[in-house]
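Morning, everyone. I have one chain for you today. Take a look at it, and then I'll walk you through some residues and the overall figures.

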Amino acid sequence: TGGTLTQNKMIFDQCSINGKKYPTAGKGALRVMMEKNKDVREFLLNMALNNEVLPEEATGPGGERIDKAMPKYAAPSPDEIALVKGAYINGVQFRERSNEGIRVCFNLKDSTKEETFEILNVFEFSSERKRSSTIVRTPQGKIVMYTKGADSVMKPRLSQSNKAVSTMETHLTEYSREGLRTLIFARKKLSPEVYNKFKKKYDVAASAITG
């Protein structure tokens with residue numbers, strides 16, 4: 001999956017999801033497809049969950065919270081704010097970050113629904129990794145890792161059995177020719193056994209580093 005950011009304005013502009021281009025995604029075109037298209041929903045969740053963004057709920061003159069207004073977002077990177085806003089206008093709205101996780105409001109065509117995703121691990125973007133990852137536990141109890149990063153580090157990590165990968169490369173080339181910045185988004189389901197095995201190794205390594 002490839003998403004694009006405009007070079008100067010730093011806004012989410014358009015994307016390619018599972019081999020299909022969505023040229024008006026930056027205007028909210030994905031919202032009407034979110035309920036029926038799982039790939040679209042997962043792409044938007046990646047944008048909303050895999051970040052270091054902190055939201056501040058919009059308030060009125062008297063300090064009252066305005067639930068239907070977009071929160072004010074703060075983050076070390078303007079890229080992440082652009083992506084969170086892009087998910088927001090497409091109906092996956094990052095409302096709150098707390099000890100319980102990230103609260104997301106799904107603004108569907110005929111209704112709204114809120115869900116909280118538990119954040120298990122966060123691997124921040126760095127100049128060495130050139131990607132960021134977040135492992136979450138969904139409200140349904142499934143464990144998912146969402147990752148986004150530069151083309152050069154993400155391409156070798158994609159499943160080559162997915163036929164959409166070759167189409168994605170074509171779309172990335174087309175976006176680059178248009179002068180758009182690109183990122184590749186991916187996700188992987190993790191079984192409890194695989195995650196627990198990883199977590200044990202990760203905790204040992206983290207303890208060794210911190211002493």
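Start with lysine 130. Lysine 130 sits in the loop between strand S8 (112-123) and strand S9 (131-137). Helices here are DSSP runs of H or I with at least four residues, strands are runs of E with at least two, and numbering goes from the N terminus. Phi of lysine 130 is near 55°, a positive value in a residue other than glycine. Its relative accessibility is 37%, so lysine 130 counts as partly exposed. The cut-offs: buried is under 20% relative accessible area, exposed is over 50%, partly exposed lies in between, with a 1.4 Å probe and protein chains only.

A word on the source. This is a predicted model, where local features need pLDDT of at least 70 and side-chain atom pairs count only at pLDDT 80 or more, while totals for chains, interfaces and linings use all residues. Residues are numbered from 1 along each chain as its sequence is written, and side-chain values use heavy atoms, with hydrogens and water left out.

Next, asparagine 18. Which loop holds asparagine 18? The one between strand S2 (12-17) and strand S3 (20-22). Phi of asparagine 18 is near 50°, again positive in a residue other than glycine. Asparagine 18 is partly exposed, at 44% relative accessible area.

Now lysine 155. Lysine 155 lies in the loop between helix H3 (151-154) and helix H4 (164-177). Lysine 155 is partly exposed, with a relative accessible area of 29%. What does lysine 155 touch, leaving out residues up to four places away in sequence? Gln160, Glu169, Leu172 and Ile184. Contact means heavy atoms within 4.5 Å. Valine 165 is ten residues from lysine 155 along the chain, and their C-alpha atoms are separated by 8.5 Å.

Now the whole chain. It has five helices and eleven strands. The radius of gyration is 17 Å, close to the 17 Å from the globule rule for 211 residues, so the chain is as compact as a globular protein of that length. That radius is taken over C-alpha atoms, and the rule is 2.2 Å times the number of residues to the power 0.38. Along the principal axes, the C-alpha atoms fill a box of roughly 50 × 45 × 35 Å.

Two last figures. Buried residues make up 42% of the 211 residues. Among contacts with a separation of 6 or more, 50% come from residues 24 or more positions apart.
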